[in-house]
Amino acid sequence: MAALVDQVKGKRQQLAPSAESLDLRAMAAAQYANTDHDTDYGRLIQGQVDHTLFPGRRVRTTAADLETMAADFRENFGGVAETTRFLLGTCPACQRDVTHGDFGVDHIFYYLEGDEDKKPVKVRSIPRIWRGPCAEKRAKQMRKPRVKSRTEKALADEWTSFVNDVNREQGHAVVEEEEAAATPANAATASLWAWLAEALVGAAGAEGKVSFEVTRVDPLAGSDVDARRGAFAVRLRVSYRATTALVTGEPVDAAGSSVVSLSLEPGGAAVAMATEPGGAAALASAPPADGDVLDRCLRKVDLAAKVWAKKGAAAVVFARLGGMREAALRFAAAE
Ligand SMILES: [Zn+2]
């Protein structure tokens with residue numbers, strides 16, 4: 001299974017390294033040896049490595065599974081030496097051997113050989129497992145709640161879901177369309193998810209000449225309420241309909257989706273809301289026969305997705321979540 005993310009510049013600006021990763025980065029640079037490789041546009045040299053942690057998303061693996069995954073990466077990355085280590089079985093923070101813990105993803109950045117600015121032109125991602133105590137510490141640094149998922153997934157499966165999410169956000173074909181609907185970890189979570197659907201489905205608004213209406217919301221796995229600490233970190237895929245028109249009057253009807261993150265720290269006064277980068281839209285009506293009109297329609301569709309990401313999601317979605325903190329705390333208290 002070719003489960004890897006191999007992206008070219010411009011696709012994932014969200015991967016700009018975070019300040020929190022500075023301490024880990026130096027360490028990481030030494031961890032991945034021999035991953036430089038040749039491409040059609042030149043030799044790519046490994047630059048910095050950024051570590052991402054998904055606090056509380058529990059995964060487990062075995063030595064045999066790790067060996068299979070490493071072999072997969074060695075093959076799919078292409079041009080890497082037989083000796084390349086993918087570090088799948090060690091914790092990114094303390095380097096200890098690990099077979100279970102919190103899911104993480106390392107992003108390895110590459111720049112073109114000879115580029116003095118070392119501008120990243122490509123990023124490759126591989127899965128990691130953070131030991132529980134290291135994940136806990138990192139989540140605190142990141143000021144993110146660490147809500148442990150109810151079930152522990154196989155690392156390979158969690159990785160496949162991650163790759164599918166990325167592909168979906170970029171409008172690419174999904175490797176394996178098998179993503180089961182996320183299941184709430186507890187009653188408080190189930191109540192909050194229902195509350196979100198109630199608040200958002202059907203919500204509508206306009207930005208400039210584009211009208212939006214939310215058609216469905218799907219919480220992603222791990223979007224649970226920590227009832228004990230009164231905290232949550234919900235990642236919600238919001239699907240919407242966008243309608244607009246060409247300057248020449250032809251209507252343009254698009255369907256899109258993007259992920260928003262909604263989180264509350266223990267004792268937090270407000271819910272932090274953000275639109276995650278990525279997201280895409282597609283033409284939702286029959287394509288016009290005229291090639292030129294179609295071309296302009298598709299550009300409008302792209303524009304609608306951009307408007308949604310920049311302003312629409314905040315105007316349509318966030319505006320309706322004023323009561324989310326109180327609702328979540330009420331559900332947590334009833335747990
Ligand atoms: Zn560790």
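Trainee: Which elements do the buried residues of H5 pack against?
Mentor: Helices (H or I, at least four residues) and strands (E, at least two) are DSSP runs, numbered from the N terminus. Packing here rests on contacts, meaning C-beta atoms, placed from the backbone, that lie within 7 Å of each other. For the buried residues of H5, the partners are strand S8 (210–219), strand S9 (225–226), strand S10 (231–245) and helix H7 (324–334).

Trainee: Before we go on, what kind of model is this?
Mentor: Residues are numbered from 1 along each chain as its sequence is written. Local features need pLDDT of at least 70 and side-chain atom pairs count only at pLDDT 80 or more, while totals for chains, interfaces and linings use all residues, since what you have on screen is a predicted model.

Trainee: Which residues of H5 are buried?
Mentor: A residue is buried if 20 or more other C-beta atoms lie within 10 Å of its own, exposed if 12 or fewer, and partly exposed in between, with C-beta atoms placed from the backbone. In H5 the residues that count as buried are Ala188, Thr189, Leu192, Trp193, Leu196 and Leu200.

Trainee: Within what arc do the buried residues of H5 fall, seen down its axis?
Mentor: An α-helix has 3.6 residues a turn, so residues three or four places apart point the same way. The arc is taken over the directions from the helix axis to the C-beta atoms. The buried residues of H5 line one face of the helix because they fall within an arc of 135 degrees.

Trainee: How far apart are the end C-alpha atoms of H5?
Mentor: The expected span of a helix is 1.5 Å times one less than its number of residues. H5 covers residues 187–200, so its 14 residues should span 20 Å, and this agrees with the separation of its end C-alpha atoms, 20 Å.

Trainee: How many bridges join S8 to S10?
Mentor: Two strands pair if DSSP finds at least two bridges between them. S8 and S10 run antiparallel, and Val217 stands opposite Val238 in S10. The number of bridges joining S8 to S10 is eight.

Trainee: Which glycine has a positive phi in the turn between S9 and S10?
Mentor: S9 and S10 pair in the antiparallel sense over two bridges, with Val225 opposite Phe232 in S10. They form a hairpin with four residues between them. The glycine in that turn, with a phi of about 60 degrees, is Gly230.

Trainee: Over how many bridges do S10 and S11 pair?
Mentor: These two strands form a hairpin with five residues between them, and Gly249 in the turn has a positive phi of about 100 degrees. Ala233 stands opposite Ser263 in S11. S11 spans residues 251–264, and its antiparallel pairing with S10 has a bridge count of 14.

Trainee: Which residue in S8 stands opposite Glu207?
Mentor: Four bridges join the antiparallel strands S7 (residues 204–207) and S8. The two form a hairpin with two residues between them, and Gly208 in the turn has a positive phi of about 55 degrees. Opposite Glu207 you will find Val210.

Trainee: Is Ala135 buried or exposed?
Mentor: Ala135 lies in helix H3 and touches residues including Leu53, Pro55 and Trp130. Its C-alpha atom is 9.3 Å from that of Cys91, 44 residues apart along the chain. With 26 other C-beta atoms within 10 Å, Ala135 is buried.

Trainee: What is the phi of Gln95?
Mentor: Most residues other than glycine have a negative phi, and most peptide bonds are trans. Gln95 sits in the loop between helix H2 (63–77) and strand S4 (100–112), and it is partly exposed, with 13 other C-beta atoms within 10 Å. Although Gln95 is not a glycine, its phi is positive, at about 65 degrees.

Trainee: What average pLDDT does the chain have?
Mentor: pLDDT is the predictor's confidence in each residue, from 0 to 100. For residues 173–180 it stays under 50. Where pLDDT is low, the predicted coordinates should not be read in detail. Across the chain, 81% of the residues score at least 70, and the average is 81.

Notes
Contact = placed C-beta atoms within 7 Å.
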